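Please look at the model below.

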Amino acid sequence: MSTPRALRRLPLNVAATVTVVVCLFPVYWMVTTAFKPSRDIQSDNPQLLPQSWTLDHFRRAIDADGFGLFWRNSVLVTLGAVALALLVALGASFAVARMRWRGRRQFMLMVFVAQMAPWESLIIPVYIISRDTGMLDRLPTLTLVYFMMTLPFTIVVLRGFIATIPQELEESAQVDGCTRVGAFRHIAFPLLAPGLMATSLFGYITAWNEFAYANFLIIKEQDHRTLPVWLSSFHNTFGTDWGATMAASTLFALPALAIFLLLQRHVTSGFAAGAVKG
């Protein structure tokens, strides 16, 4: 019985393996290229594994102008956008999931429309608004833009998590003397850990990797740019320094990868722990 079942699953396993290889190979090539000497990068016979290893590209990337400054800018903008999105979305999702008020369905429809809208199409309106209000070349402008980009998804996900928590748990706490806010904070909020983790991860990756708005809204004040824009600095009139570019891209991807691995583990374990606490 097990052999026919394994044969039936073989095409799915092969397809999954091919998909993983196709998705991970560019990442693998980026990392290995960062460690290859320049002569091997420009070779007519590329090798899957570096014949020799070097850290010179990483040294050039770290010593490049603006590395530490742009790193700080990216961290500040990303953390600010994620914190704002979680704060606002938590109240909005609670109001939608727990309260009955006129226009609730229309509100969620607008949230879904905002989630589906391509943010690239809004670059020009956002630029004009920022210019007319004197908000160009400022990090708070990027923070607000990234906050708006991540807010609809955060509301949708947190609303789903709150809706799955039995309202009777909060009502029991209110009977025991808790206020409505206190019941939510002590009963429902601990169970939202998986949703908070998932939305934080999405918001972090979105804000950390965004390039277009960081490039168009920060024009004159070069010191206010973020790491994705910094990556373009390795292209000059003599061509692209591929070794330094790959090393810089590897350094840029490491924080997102570390946070993804950390939060992914806590998303599943947090859900189980929250269910036990309930």
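**Cavity and pocket**

Q: Which helices each supply at least two residues of the lining of the largest cavity?
A: This is a predicted model in which local features need pLDDT of at least 70, side-chain atom pairs count only at pLDDT 80 or more, and totals for chains, interfaces and linings use all residues. Residues are numbered from 1 along each chain as its sequence is written, and side-chain values use heavy atoms, with hydrogens and water left out. On a 1 Å grid over the protein atoms alone, a cavity is a set of points where a 1.4 Å probe fits but cannot get out, and lining residues have an atom within 4 Å of a point. With helices taken as DSSP runs (H or I, at least four residues) numbered from the N terminus, the elements asked for are α4 (67–98) and α10 (193–209).

Q: What volume does the largest cavity have?
A: A search of the whole structure finds one cavity of 30 Å³ or more. A volume is the space filled by probe spheres set on the grid points, which are joined across faces, edges and corners. For the largest cavity this is about 30 Å³.

Q: Which element gives the largest share of the lining of the largest pocket?
A: A pocket is an open set of points with protein on both sides within 12 Å along at least five of seven lines. The largest pocket is lined by 13 residues, with Val 27, Met 30, Ala 253, Leu 254 and Leu 257 nearest its centre. Two or more lining residues come from each of α1 (2–35) and α13 (242–277). The largest share, seven residues, comes from α13.
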